[in-house]
Amino acid sequence: MELKNCMEEFVQDKMDVVLEQYPDCCRCEQCRLDIAALALNQLPPRYVSTREGDVFVRVNEMNTECEVKVIKAIANAIEVVNKNPRHGVGA
Ligand SMILES: [Zn+2]
């Protein structure tokens with residue numbers, strides 16, 4: 001068993017869907033991680049104790065209200081990262 005924040009999985013899962021609406025947004029690893037981090041900071045964590053392979057089931061149990069919040073948080077994060085991308089700047 002391990003402790004897992006299933007909001008992380010959910011944000012990663014939804015990020016591609018939201019990114020489709022931002023064709024100009026950079027998709028490099030740095031920017032994707034920045035978007036995920038910014039989005040997760042706006043969202044309450046959802047910790048579950050989980051066995052391996054169990055996470056996706058729980059993610060799919062997310063309700064619509066939660067999904068809307070996640071999509072909004074990702075959209076906000078994309079706009080922030082798009083304006084100030086950190087890729088190629090220092091480390
Ligand atoms: Zn980038």
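**View 1. The largest nonpolar core of the predicted model.** Of the 24 residues in the largest nonpolar core, those that touch the most other members are Val 11, Ile 35, Val 70, Ile 74 and Ile 78; a nonpolar core is here a set of buried Ala, Val, Leu, Ile, Met, Phe, Trp, Tyr and Cys residues joined through side-chain atoms within 4.5 Å. At least two residues of this core are supplied by each of α1, α2 and α4, and the largest share, eight residues, comes from α4. Because the model is predicted, local features need pLDDT of at least 70 and side-chain atom pairs count only at pLDDT 80 or more, while totals for chains, interfaces and linings use all residues. Residues are numbered from 1 along each chain as its sequence is written, and side-chain values use heavy atoms, with hydrogens and water left out.

**View 2. Helix α4 and what covers it.** Helix α4 comprises 20 residues (residues 64-83), and its end C-alpha atoms are 29 Å apart, which agrees with the 28 Å that it should span at 1.5 Å a residue, the expected span being 1.5 Å times one less than the number of residues. Among the residues of α4 that are buried are Cys 66, Val 70, Ala 73, Ile 74 and Ile 78, where buried means under 20% relative accessible area, exposed over 50%, and partly exposed in between (1.4 Å probe, protein chains only). The cover over the buried residues of α4 includes α1 (6-19) and α2 (29-42). Leaving aside its neighbours within four places in sequence, Ile 78 is in contact (heavy atoms within 4.5 Å) with Val 18, Leu 19, Tyr 22, Cys 25 and Ile 35.

View 3. The zinc ion has as its protein donors Cys 26 (SG), Cys 28 (SG), Cys 31 (SG) and His 87 (ND1), which lie 1.9 to 2.3 Å from it; donors are N, O and S atoms within 2.8 Å of the metal (3.2 Å for Na, K and Ca), and water is not among the atoms, so sites may look incomplete. The four donor atoms subtend angles of 99 to 118° around the zinc ion, and the arrangement is therefore tetrahedral, a term for four donors whose angles all lie between 85 and 135 degrees. Along the chain, the donors follow the spacing C-x1-C-x2-C-x55-H. Cys 31 counts as buried because its relative accessibility is 0%, whereas Cys 26, at 26%, counts as partly exposed.

Conventions: Tetrahedral: all angles 85-135°; square planar, octahedral: opposite > 155°, others 65-115°. Helix = DSSP H or I, 4+ residues; strand = E, 2+ residues; numbered from the N terminus.
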